[in-house]
Amino acid sequence: ADTRHIGRISVHPTDPDTVYVAALGHAHGPNKERGVYRSRDGGATWKRVLFKSERAGAVDLSLDPNNPRVIFAALWHVLRTPWSIASVGPDAGLYRSTDGGDTWTELGEANGLPAKPLGRMGVAVSPARAGRVYAVVESPEGGVFRSDDNGDSWDRVGTDRTARERDYYYQHIFADPQDANTMWLLSGGCFRSIDGGRTYESIPTPHADHHDLWIDPRDPQRMILGCDGGATATLTGGTSWSPILNQATAEIYHVVADMNVPYRVYGAQQDNSTISVPSRSMASGITLAECYDVGGGESGYIAVRADDPNTVFAGSYLGVLTRYDHRTRQARSIEVWPEASAWGLETSEVKERFPWTFPIILSPHDQGTLYVGSQHVHRSRDEGRTWQRISPDLTRNDKKVMDDSVATERERYCTVFSIAESPLAEGVLWAGSDDGLVHVSRDGGKKWAKVTPPGLPQWAMVTAIEASPFEEGGAYVAATKYRLDDFRPYLFRTRDYGRTWTPITRGIPVDDFTRVIRADPVKQGLLFAGTETGLYVSFDDGARWERFQSNLPVVAIHDLQVKDTDLVLATHGRSFWILDDITPLRQDFAPATKPQLYAPRDTILFRTGGAFAQRGGKGGGDAGTGYRAAFTQLMSWRPGREPKLLDAGQNPPDGVLLYYWLPKAAGTLRLSFHSADGKEIVSFEGGAALPATAGLHRFVWGTRARGATRIAGPDLSLGGGGGERGLGGPLVPPGTYGARLKVGTQTLTQDVLVSADPRGSVSDAELEKQYALLTRLRDCLSRVHASVNEIRVLKRRLLTIGGAQATAALGRLERAEAKLVQTKAAARRDSMIMATKLNLKLVGLITKIAGADGAPTGPETQVADTLLKRAATLIASADEALGAAAKVLGSKSQPRKKAARR
C-alpha cells in the first residue's frame, strides 16, 4: 500500500498469473515497501523477493523470455528533494535470479560492471540470443554494457553521451526480439543500435523525452513508444510514427480565463508551449485550428488583461517573461532581470531567483499593474517596460539548499512561489514561498509582515494563495511538502491578515496532498481545492470537504479558476477540463427531503455548429452531467510538416442547464417551458432525458420551441439531412421563460432568462420577428404532415375494401398527397432530381430564415406568405378528399382531432 512508485511490471511469458513488479517506493524519502515483488495468483497476493534497503528501490526488470526463471533487476539508490536529486548511492546495483526470483545474486565490479557507487540502471534480456543481456549504467565509468553469458561477465560497448543524457531521468534500454544486435536506448532522443550497442543512430519521433517502448515480439517493425507527448506507434520500425495530437495528455501548470464571450482558457504545457483554447467553438468541436500559443514557455503562469484580452503576459523557467499581443502575434521580452535566463549559474550566483514556475498576476484594481515573484515581489505599472522591487527577500534564503545538486540548471529554490492581491482592497498583497513562508503587505509592498501559519511545516511549498473575495483581511493558503516525503494536505484560512490561522483539511485523506485552493466569488464559503488525485468542494468555508469528482479523471489538479458560472481546471496529465455550470452549488445544496428545481444561470443564445446543430429536434432536450474535456494538446512539429488533428475538445451544451434534485425515485416526470404569458412552448416527459431516479440530475433545454410534426414511418420526401434539420423547433427569442417540473402532484417552477449573443448587433425585436415567422411556418408544416399522415391511414383502409367508390376515393387522396409531398422519392437524393413539393419548400425556407440571427428579409417574408397561402389551399383540398374517403368508409363518428394536425 505504501509503495507509491512502480518502475516496471513484467508478466511471465507462459504463465500470466505470475507477475513481477519493480517497486521503486518513495522517491522523496526512505521506505520499506520497495524492491522486487512477485505474485503467483494474478496479483491477489504478493511476496517481496528482493530487498536491499529502505533507500533503494527497484526501477527496472527483465525476464528472459526463453527461460523466465532467469530475471534481472536494477535497484536504484535515489532521493529527490525540492532542491536536489541524489541519483548515485551505495545501495544501487544490478541483480540476477536463476530460480524465478527465489534467490538473487548481485552483479558488480568483478563481473565487469563499474565500481560502486552506481546510479540508475536499465536492463534488457535479448530474446534473440541465449545469454545476451544489455544494461545501461549511470556511473563516471558508465555507459551501455553487454553480456553474452547471462551476466557472468560484461563489456562496456557504448559510451555515447548523446544517447545517455540526463542518466537519472531516462536510462531505458530495450532489446529487439528477433535480432540480437539491434537494441534501443531512450533518452531525450530515441536511439537505435544495430551493432550490439557500439554505435547509435537517432530515430526521429513526434516528440522528445522518451520513457518507454513496447516491441511486438512477433513483428519488431511494430512498436509503441511512450514519451512526454503521449503515446505514438510505428508499423515501419521507426521510419514513421502515428500522431500524438489525438491525446489530451498535456500537463498544465496554471490556468486563467479571459473576458471574451465565449471565454478562452490559457495555460502553459510541460515540455511544450503556452496555449490559448476557446471554451466554446462555433464548430462542432474545439479544434487545434482555434488554439495558439501566447509567448512564455512550458512552465509558467499566464495573466490576461481583463480590459484587453489580446494582451497576454506569460512566463517560463529562469525568469522568462513576455508580453504577447494577439493582434500582431508578437511576444516581446519584458523580463525583470534578463540575466536570470543565463545557463550554468548556481542559484546563489543569480541576482533574481526565479523558480521553474513563478507567479505572474495582474492587479484586480488596475489592469496596468503587473506583479511577478523571484525571491522578491516585483511590480510594473507599464506592462514590463520598467520594474520596481517592492519587497525584501521573502524566503529563508538558505545557501545550504540553494546550491545543492539540482536536477537541472533551470531549477531554483528559496523563491516566492505564489502572489495574490485582495480584490477588495488595493495594495493588500500576499506572498508565499517554496520554502514555507507566508508574508502580507497592507500598503502596496512598502512594509511586509511574516504571517506564516503555525501549522505549516518548515520547507513546505506554498503553491497557492487565494485572497478572500468577501473579507479584506481574509486569505486561503494551499501548500504541499510531498517532495520531502510528507503527503499530508495543508490548507489554511485567515480572516485577520494572517494574525491567526485555521487549518481546513477535514474530509481530505491524509495522503492526498493539496496543490490549490480557490474561493467562489459569488457565494461566501464555497471553496474548491485541487489535490494530487482530484477535486474537492466545501460549502462551509473549509470546515468540511467532499470529493467532487463525477467523470473527472483521477489526476493531479495544479490550478483551477471559477469563471463566471463555470469551473475551469488545469490538470497535470489530462489537459484542461471544465464543469459547465456550478449554479446549483451556489444555492441551498444540502440534500433536501423534498424535490428541488434549482434556479438556472442566465443563458446566451449561441449557435454552435449552425442553425440546427443543437440536440433534440423536439425542443432540444438532453440529460447529462459532469465535466467536459475542453482541450486538444498542441504539440510542436517540424518545419514543413503540418499537424493533423485527430481529436477535438468538447463544446458545452447549447441552451439552458436546468438541475433538479429528487430525494427518492419518482414516477414519470414532466418538464415544460412557457412564455411570459404562460403559453406552453415545449414539453418533455419521462425517458432517458428526464430521469426520475434519486439524486441530482441535469436537463439541457436547447432553447427551442416544439418541432414540426413528422411524417409517420419512413419518409424520403425531405431528401438529405438538411430537410431533417428543418423539422427542429425555432430558437426562442430573448426573454424570460418559465420552467415547470411536475413530480407526482407537486409542480416546481423557476424563471429562465435567455439573452442574445452579445457579439452580434441584432436587436431583440428582430429576433422576435424571426421567431414569429418561423413559428407560423412550423405550424404550417405540421398541418401538411398531419394531413399526409391521415391520408396514408385512410389509403390503407381503402385498399382493404375494394370497389369503384373506394378506388375513386383512393385516387383523390393520392392526388392530394402528391401535391403536399414528393411521393415518388425512393432514395434520399431523389429530391435533387424530382419536383420539389410543398413540405420541402417549407423546410427549405425555414432553414434559410433560421440560418443566422436576424429578422426575415423582405423576400423571405414574401415567399413565406406565398407558401402559407398555397398551403391553406392544398390542405383544404386534402380535407375534402379525406372527407370523401371517410364517407366511403362509413365513418360517421370521431372526427379528425385538431391536436393531431398541429
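Hi everyone. Before we start, one term: a residue counts as buried when its relative accessible area is under 20%. Keep in mind, too, that what we're looking at is a predicted model.

Let's go to helix α4, residues 804-820. Which residues of α4 are buried? They are Ala 806, Ala 809, Leu 810, Gly 811, Leu 813, Ala 816, Glu 817 and Leu 820. And what covers them? The cover includes α3 (764-801), α5 (838-849) and α6.

Let's follow α6, which runs over residues 858-888. Two packed helices are described by the angle between their axes and the distance between the axes. Here the axes of α4 and α6 come within 9 Å and cross at roughly 160 degrees. That angle is over 145, so α4 is roughly antiparallel to α6. The crossing of α4 past α6 is left-handed.

Who meets whom? On the α4 side, the residues include Ala 806, Ala 809, Leu 813, Ala 816 and Leu 820. Their partners in α6 include Leu 874, Ala 878, Ala 881 and Val 888. Sorting the residues of this contact gives 12 nonpolar, one polar and three charged.

α4 has 17 residues, so at 1.5 Å a residue it should span 24 Å. Its end C-alpha atoms lie 25 Å apart, which agrees.

Last stop: Ser 10, which sits in strand β1, residues 5-11. Is Ser 10 buried or exposed? Ser 10 is buried, because its relative accessible area is 10%, and the cut-off is under 20%. Leaving aside neighbours within four places in sequence, Ser 10 touches Thr 18, Val 19, Tyr 20, Leu 61 and Leu 63.

Note on methods. Residues numbered from 1 in each chain as written. Predicted model: local features only at pLDDT ≥ 70, side-chain atom pairs only at ≥ 80, totals over all residues. Heavy atoms only, no water. Axes fitted to C-alpha atoms, helices over the stretch in contact; angles between N-to-C directions. Helix = DSSP H or I, 4+ residues; strand = E, 2+ residues; numbered from the N terminus. Parallel < 35°, antiparallel > 145°, perpendicular 65-115°, else oblique. Left-handed = near helix turned anticlockwise from the far one by under 90°. Contact = heavy atoms within 4.5 Å. Nonpolar A, V, L, I, M, F, W, Y, C, P; charged D, E, K, R; others polar. Expected span 1.5 Å × (residues − 1). Buried < 20%, exposed > 50% of the residue type's maximum accessible area, 1.4 Å probe, protein only.
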